[in-house]
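Here is a short briefing on one protein model. Look at the structure, then read on.

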Amino acid sequence: MNYRRFLHGAKFWFWVALFVAYSAGAVGLVMIDTYEDRYRSLSKVQLTSVKAPEDVRRAGASQVAAVYRAQSGMPFASLPAGSTFQVVWPDGSTETMVIVDPTSSLGVAPVKNSQVTAADVAR
C-alpha cells in the first residue's frame with residue numbers, strides 16, 4: 001500500500017517538474033517573424049536572409065529587436081543584454097541571435113551554427 005502511494009506521488013511530482021521545466025524553456029526563447037507587417041518594411045530586413053553578410057544580418061536583427069522592444073509592454077525590460085531570440089527572415093530562413101548591446105545599431109550577434117536556410121526549413 002505504501003509503495004503504491006509513493007509511486008503515485010512520484011509520478012505526480014515528475015509530471016509537475018517536467019511541466020515547469022518545459023514552461024521555463026519555452027518562455028526563454030522569443031521568436032520574431034519578420035514577415036509580419038510591423039517588421040516587413042524595415043530597411044535592413046527587406047532583403048535579408050541567412051546567406052547575407054553578417055553585418056547586414058546584425059543590422060536587420062538590431063532593427064527587429066528595437067521594434068520588438070518599442071511595442072512591448074516593458075520596453076526597457078524586454079530583450080536585455082545577453083538574451084537570445086530567433087529571427088525568421090522574409091525568405092523563411094531562421095537564425096538565433098544574442099543581444100550584445102541594446103543601445104547599439106549593431107548590438108546583436110548571431111549564435112554560431114544556428115543558421116537554417118529556407119530550403120532546410122521546408123524539409
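Threonine 48 touches Val56, Arg57, Trp89, Pro90 and Asp91, leaving out residues up to four places away in sequence; contact means heavy atoms within 4.5 Å. This is a predicted model, where local features need pLDDT of at least 70, side-chain atom pairs count only at pLDDT 80 or more, and totals for chains, interfaces and linings use all residues. Residues are numbered from 1 along each chain as its sequence is written, and side-chain values use heavy atoms, without hydrogens and water.

**Threonine 48**
- Threonine 48 lies in the loop between α2 (37-40) and α3 (54-71); helices (H or I, at least four residues) and strands (E, at least two) are DSSP runs, numbered from the N terminus.
- Threonine 48 is buried, at 4% relative accessible area; buried means under 20%, exposed over 50%, partly exposed in between (1.4 Å probe, protein chains only).

**Strands**
- Strand β1 (residues 30-33) has a covered face, Val30 and Ile32, and an uncovered face, Met31 and Asp33.
- In a regular strand, side chains alternate between the two faces of the sheet.
- β1 pairs with strand β2 (residues 84-88) in the parallel sense over 4 bridges; pairing takes at least two DSSP bridges between two strands.
- Valine 30 has phenylalanine 85 as its bridge partner in β2.

**Core**
- The largest nonpolar core has 17 residues, and Ala61, Phe85 and Met97 have the most contacts inside it; such a core is a set of buried Ala, Val, Leu, Ile, Met, Phe, Trp, Tyr and Cys residues joined through side-chain atoms within 4.5 Å.
- The largest share of this core, 4 residues, comes from α3.
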